[in-house]
Amino acid sequence: MQISLLRSSTVRQLASRRFASTTAESASQAASQATSKAQDAAKQTAAKAQDAAIAAASKLMSAASGLGNSLGKVGGRTGQLIKGVESLIPPAIYYAKVAKELSKLVFNGQNMSPPNIETFQKTFSPIINKLKNPRALIDSASTSPTLQPAFILARLKAFTPQEYAQAGVLTAEVIGFYTVGKMIGRRKIVGYRGGNNDHH
């Protein structure tokens, strides 16, 4: 009888261990299945959202191209103006991106940060208040002592030779950049395209 009790208690312990390991395994399998189902559902939702975004973007692009086609059919000066504006859009986007990246480099290189709101308001509120009342701005400009001819002449007489040299260099730089800009704009060093025969 003791042997049967021993066997039955041993069998029970083994069975309980077996069932315990089976339930733990089934719980971990259920958890992994639930995780994989959740991941699949998330992937499907993301795919549906991406498909919807692509469909919306394609509809928007087709509408924009339809608008562009209808505007492209406009003739005369208006059509030329529209085509000119359309030709300026890609370079404008490109240079905006270049300016953005360049400003990022400058800000990161100089450890700069944008001003907080309080500093911004403190700096620009007087300017905005003066622009709201232009008559007061004109009156203050006409009565300002720094804009009187006598003050300007006295300031010019007080210049040192070094300040005159700095002003000369700055003036030469401005004229040089202006001249180079004109050359780039004309795409020619001297004169404009078309020659002078058009003005006879």
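Start by selecting Ser 144 and Thr 146: their side chains make a polar contact at 3.0 Å. A polar contact is a pair of N or O atoms within 3.5 Å; within protein, one must be able to donate a hydrogen and the other to accept it, and residues adjacent in sequence count only if both atoms are side-chain atoms. Ser 144 sits in the loop that links helix 4 to helix 5 (149-157). Is Ser 144 buried or exposed? With a relative accessibility of 19%, Ser 144 counts as buried. Here buried means under 20% relative accessible area, exposed means over 50%, and partly exposed is in between (1.4 Å probe, protein chains only).

Before moving on, a word about what is on your screen. This is a predicted model, in which local features need pLDDT of at least 70 and side-chain atom pairs count only at pLDDT 80 or more, while totals for chains, interfaces and linings use all residues. Residues are numbered from 1 along each chain as its sequence is written, and side-chain values use heavy atoms, leaving out hydrogens and water.

**The whole chain**

Zoom out and switch to a cartoon view. The protein chain has six helices and zero strands. Helices (H or I, at least four residues) and strands (E, at least two) are DSSP runs, numbered from the N terminus. Of the 200 residues in the protein chain, 2% are buried. The accessible surface comes to about 17,700 Å², and carbon and sulfur atoms account for 65% of that surface. Such areas come from the Shrake-Rupley method with a 1.4 Å probe; for residues, only the protein chains shown count as cover.

Next, colour by pLDDT, the predictor's confidence in each residue, from 0 to 100. The protein chain has a mean pLDDT of 78, with 76% of its residues at 70 or more. Which helix has the lowest confidence, and which the highest? Helix 1 (residues 2-72) is lowest, at a mean of 66, and helix 6 is highest, at 93. Where pLDDT is low, the predicted coordinates should not be read in detail.

**Two salt bridges**

Now show the charged side chains. The structure holds two salt bridges, each being a side-chain nitrogen of Lys or Arg within 4 Å of a carboxyl oxygen of Asp or Glu. For one of them, select Lys 104 and Glu 101, which meet at 3.6 Å, N to O. These two residues can be found about one helical turn from each other, because Lys 104 and Glu 101 are three residues apart in helix 2 (residues 76-109). Lys 104 is partly exposed at 39% relative accessibility, and Glu 101 is partly exposed too, at 42%.

Then select Asp 139 and Arg 135, a salt bridge whose closest N and O atoms are 3.9 Å apart. In helix 4 (residues 134-143), Asp 139 and Arg 135 are four residues apart, so about one helical turn separates them. Asp 139 is partly exposed, with a relative accessible area of 35%, whereas Arg 135 is exposed, at 55%.

**A nonpolar patch**

Which helix gives the patch its largest share? Helix 3 (residues 117-132) does, with five residues. One to click on is Ile 127, which is in helix 3 and is partly exposed at 43% relative accessible area.

**Aromatic pairs**

Show the rings next. The whole structure has three aromatic pairs. Among them are Tyr 94 and Tyr 95, edge-to-face, 5.1 Å centre to centre with 70° between the planes. Rings of Phe, Tyr and Trp (its six-membered ring) pair if their centres lie within 6.5 Å; planes under 30 degrees apart count as stacked, over 60 as edge-to-face and the rest as tilted. Phe 159 and Tyr 164 are also edge-to-face, at 5.2 Å and 70°. Phe 159 is partly exposed at 23%, and so is Tyr 164, at 44%.

**Last stops**

Select Asn 111, in the loop between helix 2 and helix 3. Asn 111 has a positive phi of about 50° although it is not a glycine, and it is exposed at 71% relative accessibility. Finish at Arg 187, in the segment after helix 6, where phi is again positive, near 60°.
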